Each structure stands twice: as C-alpha cells, then as structure tokens.
Amino acid sequence: MSTIINLPDQSTAKMPKRTYLNNEYGLKSWLLTGDHKRIAILYLISITFFFFIGGAMAGLIRLELLTPQSDLVAFDTYNKLFTMHGIIMIFLFLVPSVPATIGNFLIPIMVGAKDLAFPKINLLSWYLYIIGGGLILWALMAGGVDTGWTFTTPLSTHYLNTHVITAGMAIFVAGFSSIFTGLNFIVTIHRMRAPGMTWFRLPLFVWSHYAASILMVLGTPVLAITLVLVILERTIGIGVFDPTKGGDPLLFQHLFWFYSHPAVYIMILPGMGVISEVISTFSRKRVFGYTAVAFSSVAIAVFGFFVWAHHMFIMGVSNYSALVFSLLTMLVAVPSAIKIFNWAATLYKGSITFETPMLYAFGFMGLFTIGGLTGVFLGSLGMDIHLTETYFVVAHFHFVMVGGMLMAFLAGIHFWWPKITGRMYPEGLSKLAAGTTFIGFILTFFPQFIVGYLGMPRRYAAYPPEYQVLNVLSTAGASVLGIGYLLPILYLTWSLKYGKIAGNNPWQATGLEWQIQSPPLTENFVETPVIDHEAYDYDWLAYKTKHEVQTVG
Amino acid sequence: MDSQAIATLPEHEQQAHEHPDYVRHHFASADQQRETANFGMWLFLLTEIMFFSGLFAAYLIYRNWYYPAFVAGSHYMIIWAGTLNTAVLICSSFTMAMGVYSAEMRNRKALIRWLSLTLLLGFVFLGIKAYEWHAEWVEHHVPGLNFSIEDFTHVNPAYPADKPLSPDMAEKTQTYFSLYFAMTGMHALHMCIGCGILIFLIFQAWGGRYTNGHMNTVENFGLYWHFVDIVWIFLYPLLYLISRHQ
Amino acid sequence: MSEPTHHVHKVVPPKVYLAVFASLLFFTALTLGVSYLELGVFNAVAALAIACIKGTLVVLFFMHIRYSSKLTKLTISAGFFTFIVLITMTMTDYISRAWGMW
C-alpha cells in the first residue's frame with residue numbers, strides 16, 4: 001500500500017536540541033506555564049482521564065442492559081450512571097476535546113503567532129476545567145446525580161435529593177473554562193495573524209474553531225444563568241421554574257437548550273476542522289470549495305442558535321412554535337451537508353493514501369452522515385413524536401458525537417502527534433485500533449436505531465424482553481469499542497520513548513505548523529513568518545521542498 | 001533550521017520598534033496589545049449580556065402572565081431608593097470615564113481621585129441596595145425564605161386606589177420578587193466584584209502603573225463598570241416603574 | 001502587525017462626558033415622570049425606549065464605541081443580536097400558546 005509518510009533517516013535522526021518540552025523543567029514550569037502548547041498537553045491528559053471515567057459509566061450501563069430486568073444496579077443507580085456518563089462526556093470531554101488540546105496547540109502556529117492573545121487566561125481556563133472536573137468527581141463520590149444531564153425541572157428542582165447543586169456548580173465552572181478558551185481563540189484569530197495571513201489564507205481548521213468559539217462565547221453564559229436559577233430554586237426556594245409559585249418548568253428547558261443545542265455544534269465544528277486538514281493532506285489536494293466550507297462553518301454557528309426547541313417538541317411548546325423550529329432545523333442541516341459534499345469532492349481525483357488519520361476521517365464521513373440524516377428524521381415533527389425519548393435519539397447523537405466527533409478527535413491526535421511529540425506512532429497498530437473502533441462502533445450503536453424505532457425508551461434500566469437480542473449485540477459492540485479506545489493509550493504512550501523520529505513534515509502537508517520543527521520551539525517561530533501563498537497550496541510545497549535537505553536536531 | 005522555508009521578517013527589522021517594558025513578548029507592538037486587550041474585554045462583555053439575558057427573558061414572560069401581581073409588587077418598591085441609585089450609578093459612570101481620561105492624560109493624582117470617587121459611589125449604591133433588601137426582608141417579601149401574601153391581599157396604603165389581589169394572583173407576586181432578587185442580586189454581585197477590582201486598581205494607580213502610557217487595564221475595567229451601569233439602567237424602569245400611575 | 005485596519009486611538013474630551021452625564025440624568029427624571037402618566041401599554045414602550053436611549057449614550061460615549069473600530073462595533077451588534085434571538089424566539093412559544101389570552 002502506498003504511503004506519503006516521509007521520515008528522516010532514522011540512523012542519523014535526533015530530536016531537536018531545544019523544544020517547548022525541554023526549555024524548562026519541573027512541575028512549576030508546567031503548572032504555571034503560559035505556553036499554549038504546554039497547556040494543550042495539560043488539557044490532553046485531563047480530558048483523557050475524564051474520558052475513561054465517563055467510559056466506565058458507559059460500560060456499566062451496557063452491562064446492565066444485557067438483561068431485560070434491572071438486575072445489575074438499582075433503578076436509581078442506573079439513573080446516576082447515565083447522568084454522570086452524559087455530564088462527563090459532554091462537558092468534560094467532548095466540549096474541550098479538540099479546541100482545548102489540538103486547537104490550543106495549533107491555532108497560534110497556524111496563524112503565525114508566538115502564543116494565544118491571553119496566555120494567562122488560557123492557563124486559567126485549564127484550572128477552571130480542573131475545578132469543574134473536581135466538583136463532578138466530588139458529586140460522583142458523594143452519591144451522584146440522577147436527573148439526566150439535561151437537569152429537567154421540576155425533577156431537578158423539587159423531586160430529587162441528589163447532588164444537583166454540586167453538579168450544577170461544576171458545569172458552571174467548566175462552562176467558564178470553555179468561554180475563556182473561545183474568547184482567546186476569537187481574539188487571536190482576529191488580531192494576531194502574521195503578515196500576509198489574510199482570512200482566506202487561513203487553514204479551514206482555524207475557521208471551524210472561530211465558528212465554535214463564537215458559540216462558546218455567546219451560548220455558554222445562558223447555561224450559566226440557568227444553572228444559577230436552578231441552584232437558587234433548590235437552596236432558597238425562589239420559584240422561577242416552580243408551577244406552584246407561578247413559574248413555568250418549560251422556561252428552564254428553553255434557557256437550557258438555548259445553550260445545549262449550539263453546544264453540539266461547539267462539539268462538532270472543531271472536529272470538522274480536523275477532517276478538512278486530514279482529507280486534504282491524504283488526497284494531496286486542496287479542499288474543494290474553500291469559501292463554501294469556511295462560510296458553512298459560520299453558517300452552522302449562526303443557524304445553530306435558531307433551532308433549540310427541537311429538543312422540546314413533546315414538552316408542551318405550542319404547535320406553531322414547534323413548526324417554526326422544525327423548519328429551521330431542516331435549514332441547519334444544509335451547511336453540514338455542504339461540508340460533506342465538499343470533502344467528497346476533495347477526494348475525487350486526489351492521490352488518496354490510507355494512513356491512520358485518513359481511516360478515521362473516512363469513518364467520520366460515513367458515520368457523521370448517518371447520524372446527521374437521522375437528525376433530520378428527528379427534526380420532523382411527526383417522526384419526532386414517535387422517536388423522541390427512545391433509543392433512536394441515543395443512537396443519533398452517538399453516531400454524530402462518537403462516530404463523528406470522537407473519530408475526528410482521534411484523527412487529529414494521530415495526525416498532529418508527530419508535531420506535538422516529535423515521534424511517530426506505530427502505523428500497523430494504529431490502523432488496527434482504527435478498524436476495531438469502527439467495527440465496535442457500528443455493532444454498538446446501529447442496533448440502537450432499530451431498538452429505538454421499535455419503541456424502547458431511553459434512560460430505562462429495564463425493558464421488554466423482545467428487545468434483548470439487539471441490546472446484547474450493542475453491549476458486545478461496546479466491548480470491542482472499548483478495546484479500540486484503549487489501544488491508542490498504549491501505543492501512543494509507547495511512542496513517546498520508542499517511536500520513530502518524525503522530522504518537521506512526515507505527512508508532507510501544507511500549513512505553517514509543518515514548516516517548523518517537531519516538537520516546536522516555545523516561541524514557535526524563529527522569525528515572524530510572512531505568508532504569500534494560499535492554504536493547501538501543494539504546488540508551493542513541492543517547489544519549496546525540491547531543493548530542501550532534511551536535517552533534524 | 002528551516003527558516004529559509006518561509007519568507008520571514010528579518011529579526012533586526014523587528015527590533016527597530018520601540019518595545020516599552022509593559023508590552024508582552026507575544027505582541028508585536030503596544031498598539032496591538034492595547035487593541036487585543038480591548039477586543040477581549042468586549043467579548044467578555046458579550047458573555048455578560050447573554051448571562052443577564054436569561055433573567056430578562058424570564059421577566060418578560062412572567063410580567064405578561066401575571067401583570068397585576070407585578071404591578072402590586074412594584075408598588076412596594078422604595079421609589080426614592082431606586083431613583084437615587086440610578087443617579088448614583090450614572091455619576092459613577094461619569095467619574096469612571098473621567099478616570100480613564102486622567103489615565104490617558106497621564107495625571108496620576110487625578111486618576112486616583114476619580115477612581116476613588118467611583119469606588120465611593122459604588123459603595124453608596126450597595127449601601128442603598130442593602131437598605132432596600134433589609135426593608136423587603138422586614139416586610140416578608142423574600143420568596144422561599146419568609147414570603148407572605150398578606151400585603152397583597154389587602155390595600156396598599158401608598159396606593160389606596162389599587163384593588164387588592166385575589167389570593168391566587170397574590171401568590172404570583174412571589175414570581176415578581178424572585179426575579180427582583182435574582183436580577184438585583186446578580187447585579188449587586190457584579191458591583192461587588194467591580195468594587196473589589198477598583199480597590200486593586202487604586203493601589204496600582206498609586207504606584208504609577210497606569211499613567212506611563214499603559215492604561216489598558218483602567219480603560220477595560222471602565223468598560224466593565226459601564227456595562228454594569230447599563231444593566232441597572234434597564235432594571236430600574238422594569239422593576240420600579242411598572243405603572244406608577246395607578 | 002497584520003491588521004490592515006489599524007485603528008487610531010482618539011481621546012474623548014471631558015466636555016463630551018459632561019454632556020452625556022447631564023443627558024443621562026435628564027432621561028432618568030423623564031422616565032420617572034412618564035411612569036406617572038396613564039399611557040396604557042405605551043408606558044412599557046416609553047420606559048424601554050428611554051432605557052435604550054440611555055444605554056446607547058453610555059455605550060457610544062462612555063464606552064467609546066462612537067470612536068471604535070468596525071470590529072468592535074460588529075462585536076457589540078453580534079451580542080445584541082443574540083440577545084434579541086433568545087428573547088423573541090422564546091416569545092414565539094409563549095405568545096402562540098394561548099394567542100393573546102395571557
């Protein structure tokens with residue numbers, strides 16, 4: 001199989017003398033760093049930790065669902081499992097996954113800057129993340145929360161005595177972590193671009209993060225005030241959502257989903273940015289329709305604010321309002337589809353090779369398309385009456401978030417691993433992991449579409465026996481999926497010491513990050529770059545590398 | 001080194017720029033730093049707009065649902081306190097703007113004077129607010145803690161022409177007061193944080209930190225202070241002036 | 001510096017601040033006065049309109065938007081727009097539930 005991997009001669013290759021990893025030593029130099037690259041690493045370690053806790057919850061859920069009865073855990077415990085799984089996976093993993101790790105690392109380099117606009121705020125955002133995560137762990141150990149990650153009132157305000165307040169505070173703090181990351185990105189992209197780096201020369205990865213950052217800055221505060229109101233209602237008893245005091249429980253849902261719908265775009269847009277970079281590199285071709293992809297990212301962000309009530313169709317919103325939101329939901333699917341079409345057009349007549357990041361990107365394209373289309377089914381009012389609150393919804397969002405976003409995250413980690421660490425991961429093992437993940441994923445979540453369509457409700461520990469076969473299939477898939485996610489932890493850690501030296505540009509990719517050493521210097525660039533070529537300009541790259549001698553160290 | 005790979009600005013050209021010591025290393029110039037910090041502050045204010053927007057949405061809905069209850073609740077507000085507080089905050093915005101001007105003019109003593117005046121006015125506001133909240137506590141108008149609908153099912157002595165509410169609608173005054181405390185509470189919290197930062201700024205200004213050309217911090221704090229003032233500008237008519245003519 | 005829209009910083013004279021300060025106090029008195037008139041539903045309209053004028057004065061002059069770059073102006077518009085989206089689209093639900101019988 002052909003490959004575009006181009007490594008320096010391993011017998012003479014050495015890691016560069018001075019990098020961001022070795023210019024300072026000691027715990028304090030990491031915990032008090034302003035270097036966006038080190039902060040990215042801090043985030044990477046933290047989110048991986050929380051991913052496995054959330055994954056453990058998922059494992060327990062699937063184990064319980066092997067049998068129709070609630071025999072592994074009690075009903076209340078099951079409620080706590082899916083709640084904690086949701087909260088951890090969404091707020092502590094998916095939202096920061098690409099932006100806070102890969103985005104933090106690369107945005108300054110991609111725009112040609114020495115660091116993000118506000119390095120101290122960047123570090124603060126990581127500490128806020130840790131505090132939020134700590135509060136979630138405390139809520140977990142003190143007995144958990146069982147409201148569902150959606151905290152629906154009046155269940156969360158009046159009918160439960162679990163640790164809703166702690167969980168609410170945790171998400172509040174983690175939300176500010178997200179806000180500060182987004183704020184930093186917007187300011188950096190507007191104000192810190194190198195000479196010659198116009199908006200339309202930026203990599204599409206930057207455009208996606210820009211769009212996601214707008215959502216973070218404008219949407220997250222609404223979640224914050226909603227959580228404050230829930231906490232106030234639980235503590236001193238003000239009745240903003242309490243029907244007995246004249247409040248409307250549905251108002252909570254309006255305010256909650258005003259953030260939580262854009263939140264799904266916060267989660268997916270950075271992944272789409274990764275896919276643009278990966279597909280271009282492994283087809284050796286510029287992304288088809290750069291302007292369309294760039295503008296569609298912003299369009300997704302803008303339209304994403306107009307559709308939130310499609311999560312509330314059966315909750316008591318008026319029919320007319322539901323109609324409006326359903327129509328707008330159809331519209332919001334269009335920009336996402338534009339991206340898929342453009343990526344497909346990029347592949348057409350490209351020189352395609354199948355390295356691991358590309359395998360994950362292919363997985364993304366197929367699985368995200370399925371997930372996205374099922375979202376359209378859910379967005380049509382009639383279908384939603386039947387499908388909502390069933391496993392169909394669960395399958396839908398896992399297809400887009402796990403089959404889509406998590407695959408994009410893994411694609412990005414593998415693609416930029418050589419840049420971040422200076423070392424290559426073992427290609428054979430990584431391909432195996434990618435394949436395992438793909439098979440495990442389909443086996444886990446495809447049966448859930450079927451069982452949901454047949455009527456199995458979500459968030460139930462017990463179910464009618466006729467759904468058992470599909471549930472067993474799903475659990476079997478989950479075990480395979482788990483192996484697929486464990487493997488990268490093992491071989492990526494291994495590669496830190498034993499991986500091949502990568503050199504500046506093992507993928508022969510375009511982009512400023514591939515023109516500097518791997519791992520980069522703390523200040524990223526020796527001299528401020530001046531940009532005079534378009535993004536994904538493979539001709540320029542060919543011209544540049546024609547007479548280049550690869551030296552490392 | 002790959003530095004020939006991309007055209008770069010030769011290092012010595014960059015050193016020709018004056019780099020005052022307050023400019024951070026990742027900025028090319030003091031101007032870039034100033035505009036960047038300013039833009040960042042505005043984005044933070046956007047998050048504050050959206051933070052308060054949830055409360056305004058709730059207010060809008062419940063005022064329309066329970067208008068008589070909102071009128072009755074509003075009639076128990078201490079109008080002179082609210083109006084005076086509005087004037088106090090407007091004065092404090094003026095003194096803050098003058099503070100920024102002093103920093104621009106590199107007048108250390110004037111800056112400290114204006115900032116101190118702003119702080120004083122901030123404390124006056126909080127003091128009046130505390131007085132109001134105490135009055136509401138005494139009158140049993142605090143939802144969830146000691147709320148009583150007694151006042152609303154009887155005639156309000158200040159508004160003898162008002163009809164007392166039915167017990168059903170009188171219960172809904174709790175919603176009005178819930179929003180009142182949530183909104184003024186959130187606003188007061190932002191005032192407290194502002195006053196805290198102001199104390200820090202006065203100390204720094206004393207040391208001359210803002211009168212050497214680097215007045216970003218004062219300018220950007222000014223933006224925050226003005227924003228908190230704008231929130232109050234909207235809270236005042238919405239909470240205190242619901243149909244004073246009745 | 002990459003930004004072609006290099007923005008010249010303007011110092012606002014205190015006279016402007018004084019004028020805005022006086023206007024704000026005037027509008028405060030106005031809104032208090034108007035609230036004692038019987039205008040039906042226009043009481044709320046007047047109150048909000050005056051509050052908007054006051055807010056605009058603060059934003060334009062105390063917060064220097066009058067003299068700011070296009071980017072800053074665009075940023076504030078974006079925030080304002082999102083605020084309006086939240087309010088109005090939530091209202092579409094509440095208004096159409098009982099069609100005026102609230």
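# Close-up views of a predicted three-chain model

View 1. At a relative accessibility of 18%, Arg34(B) counts as buried, because the cut-off for a buried residue is under 20% relative accessible area. The model shown here and in the views that follow is a predicted one, and in it the side chains of Arg34(B) and Glu219(B) meet in a salt bridge, with 3.4 Å from N to O. This pair links distant parts of the chain, since Arg34(B) sits in helix H2 of chain B and Glu219(B) in helix H9 of chain B, 185 residues apart. Glu219(B) is itself buried, its relative accessible area being 9%.

**View 2. The salt bridge between Asp168(B) and Lys172(B).** Asp168(B) forms a salt bridge with Lys172(B), and the closest N and O atoms of the two are 3.6 Å apart. Elsewhere in the model, salt bridges with shared partners join Asp248(A), Asp93(C) and Arg97(C) into one network. Over all chains, a search of the whole structure finds 10 salt bridges.

**View 3. Arg201(A) and Glu534(A), a salt bridge between two loops of chain A.** The closest N and O atoms of Arg201(A) and Glu534(A) are 3.2 Å apart, and the two residues form a salt bridge. Arg201(A) lies in the loop between H6 and H7 of chain A, while Glu534(A) lies in the loop between H15 and H16 of chain A, so the pair ties together parts that are 333 residues apart in sequence. Glu534(A) has a relative accessible area of 42% and is therefore partly exposed.

**View 4. Leu486(A) in helix H15 of chain A.** Leu486(A) has its place in helix H15, which covers residues 468-498 of chain A. With 45% relative accessibility, Leu486(A) counts as partly exposed. From C-alpha to C-alpha, Leu486(A) and Ala433(A) are 8.5 Å apart in space, although 53 residues separate them in sequence.

**View 5. The interface of chain A and chain B.** Here 49 residues of chain A are in contact with 43 residues of chain B, and the area buried between the two chains is about 4000 Å², of which carbon and sulfur atoms give 69%. Arg191(A), Ile225(A) and Glu527(A) supply 14% of the area that chain A buries against chain B, which is more than any other three residues. The count of salt bridges between chain A and chain B is one; in it, the side chains of Arg191(A) and Glu35(B) meet at 3.7 Å, N to O. Across this interface there are also eight residue pairs in polar contact, with both residues of each pair at pLDDT 80 or more. On the side of chain A that touches chain B, at least two residues come from each of helix H4 (119-141), helix H6 (164-191), helix H7 (204-235), helix H8 (249-283) and helix H16 (538-546) of chain A. Sorted by class, that side of chain A has 31 nonpolar, nine polar and nine charged residues.

**View 6. The interface of chain B and chain C.** The contact takes 51 residues from chain B and 49 residues from chain C, and together the two chains bury about 4300 Å², 79% of it on carbon and sulfur atoms. Trp42(B), Phe94(B) and His245(B) supply 15% of the area that chain B buries against chain C, more than any other three residues. Between chain B and chain C the count of salt bridges is zero, and the count of residue pairs in polar contact, both at pLDDT 80 or more, is one. Helix H2 (30-65), helix H4 (79-104) and helix H9 (216-240) of chain B each supply at least two residues of the side of chain B that touches chain C, and the largest share of that side, 20 residues, comes from H2(B). By class, this side of chain B has 32 nonpolar, 11 polar and eight charged residues.

**View 7. The helices of chain C.** Chain C has three helices and zero strands, which follow one another along the sequence in the pattern α-α-α. Of the 102 residues in chain C, 45% are buried, and the chain exposes about 5400 Å², with 77% of this area supplied by carbon and sulfur atoms. Among contacts in chain C between residues at least 6 apart in sequence, 53% join residues at least 24 apart.

Definitions and conventions. Residues numbered from 1 in each chain as written. Chains lettered and ligands numbered in written order. Predicted model: local features only at pLDDT ≥ 70, side-chain atom pairs only at ≥ 80, totals over all residues. Heavy atoms only, no water. Helix = DSSP H or I, 4+ residues; strand = E, 2+ residues; numbered from the N terminus. Buried < 20%, exposed > 50% of the residue type's maximum accessible area, 1.4 Å probe, protein only. Contact = heavy atoms within 4.5 Å. Areas by Shrake-Rupley, 256 points an atom, 1.4 Å probe, with all protein chains shown as cover. Buried area = accessible area lost by both parts, 1.4 Å probe. Salt bridge = Lys/Arg side-chain N within 4 Å of Asp/Glu carboxyl O. Polar contact = N/O pair within 3.5 Å; in protein donor to acceptor, adjacent residues only side chain to side chain. Nonpolar A, V, L, I, M, F, W, Y, C, P; charged D, E, K, R; others polar.
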